[in-house]
Amino acid sequence: MIDLYYWTTPNGHKITIFLEEAALAYKIVPVNISQGDQFKPEFLAISPNNRIPAIIDHEPKDGGKPIAVFESGAILLYLAEKTGKFMNSDSRRKVEATQWLFWQMGGLGPMAGQNHHFSQYAPTKISYAIDRYVKETNRLYGVLDKRLADRRFIAGEYSIADMATYPWIVPYERQGQKLQDFPHLKRWFESIKARAAVARAYDKAKEINTQPTVTEESKRILFGQTAAAVGR
Ligand SMILES: N[C@@H](CCC(=O)N[C@@H](CS)C(=O)NCC(=O)O)C(=O)O
């Protein structure tokens, strides 16, 4: 049994997608980041960066004590290694999936996140910042479109790289992007959306929360955090 510390955001969806695809037994522990649950000491003990997602695996492969993992990319790698699924063990094919997983973690996720922030949440509309992140998101969509021109999935076969990337394309309109500008990406996006496990993952989200995560009230909790947020 895996405990998934989760909220209904792109980084959270990555892990419900994996768990549904692999048909692993899991229990969702909601961490309502709009209300500040991410600062509770019991959550910080497993996720010191005060961010969802995190997991506790109560039945690790080595049969030892439970293992806690934070950072969605590390969780996907951990689960792929645990199950032997969604990441080929051949080192050449494995590096295809891992480099694109890191591309999502270090590029698409943070850039699209800043895009959302400056386009939608910042109290003042700073055109330089909006333009910078909308353009950088556009460049990253272009990179992905090119990558998908001659393969069905990002690493060739369906993998954790697709699971990490898909939830960050779902809000493409909010990112100022048009899927029709990226035909290969669009074809890939629709094929992932059509997967039953992906639909189940997004249905799970609706059971947990149907409200927007960022509201006028939650902005005070989510934005402007300093070291004091984690008790320093
Ligand atoms: N690099 C981290 C980012 C996680 C992240 O930013 N999580 C957001 C939700 S998508 C969060 O927990 N935010 C809480 C906060 O900002 O206090 C990962 O991929 O796990």
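This is a predicted model: local features need pLDDT of at least 70, side-chain atom pairs count only at pLDDT 80 or more; totals for chains, interfaces and linings use all residues.
Tyr166, Tyr172, Trp188, Phe189 and Tyr202 form one aromatic cluster. Across the whole structure, a search finds 12 aromatic pairs. One of them joins Phe86 and Tyr158 in an edge-to-face arrangement, with 5.7 Å from centre to centre and 80 degrees between the planes. This pair links distant parts of the chain. Phe86 sits in the loop between α3 (72–83) and α4, whereas Tyr158 sits in the loop between α5 (127–147) and α6 (160–169). The two residues are 72 residues apart.

Phe86 has a relative accessible area of 18%, so Phe86 is buried. Tyr158 has a relative accessible area of 11% and is therefore buried. Tyr158 also pairs with Phe153. Their ring centres lie 5.4 Å apart and their planes meet at 55 degrees, so this pair is tilted. Phe153 counts as buried because its relative accessibility is 6%. Tyr158 thus takes part in an edge-to-face pair with Phe86 and in a tilted pair with Phe153. A pair of aromatic rings is described by the distance of the centres and the angle of the planes.

The chain as a whole was examined next. Its secondary structure comprises nine helices and four strands. From the N terminus, the order of elements is β-α-β-α-β-β-α-α-α-α-α-α-α. The radius of gyration is 18 Å, close to the 17 Å that the globule rule gives for 232 residues, so the chain is as compact as a globular protein of that length. The C-alpha trace spans about 55 × 50 × 30 Å along its principal axes.

Of the 232 residues, 49% count as buried. Among contacts between residues at least 6 apart in sequence, 67% join residues at least 24 apart. The chain exposes about 11,800 Å². Carbon and sulfur atoms supply 53% of that area. There are 31 positive and 25 negative side chains. The centres of these two sets lie 3 Å apart.

Two buried residues illustrate contacts beyond the sequence neighbourhood. Ser34 lies in the loop between β2 (26–30) and α2 (41–44). With a relative accessible area of 15%, Ser34 is buried. Neighbours within four places in sequence aside, Ser34 is in contact with Trp7, Pro212, Thr213, Ser218 and Ile221. Ile221 is 187 residues from Ser34 in sequence. In space, the two are 6.8 Å apart, C-alpha to C-alpha.

Thr98 belongs to helix α4 (residues 91–121). Its relative accessible area is 16%, so Thr98 is buried. Apart from neighbours within four places in sequence, Thr98 is in contact with Leu77 and Met87.

The peptide bond from Ile52 to Pro53 is cis, with omega near 5 degrees. Pro53 lies in the loop between α2 and β3 (54–57). Asn50 lies in the loop between α2 and β3 as well. The phi of Asn50 is near 45 degrees, which is a positive value in a residue other than glycine. Asn50 counts as buried, with 6% relative accessibility.

A positive phi also occurs at Glu71. Its value is about 80 degrees, although Glu71 is not a glycine. Glu71 lies in the loop between β4 (67–70) and α3. The relative accessible area of Glu71 is 37%, so this residue is partly exposed.

Conventions
Residues are numbered from 1 along each chain as its sequence is written. Side-chain values use heavy atoms; hydrogens and water are left out. The radius of gyration is taken over C-alpha atoms; the globule rule is 2.2 Å times the number of residues to the power 0.38. Buried means under 20% relative accessible area, exposed over 50%, partly exposed in between (1.4 Å probe, protein chains only). Contact means heavy atoms within 4.5 Å. Accessible areas come from the Shrake-Rupley method with a 1.4 Å probe; for residues, only the protein chains shown count as cover. Lys and Arg count as positive and Asp and Glu as negative; His and the chain ends are not counted. The place of a charge is taken as NZ of Lys, CZ of Arg, CG of Asp or CD of Glu. Rings of Phe, Tyr and Trp (its six-membered ring) pair if their centres lie within 6.5 Å; planes under 30 degrees apart count as stacked, over 60 as edge-to-face and the rest as tilted.
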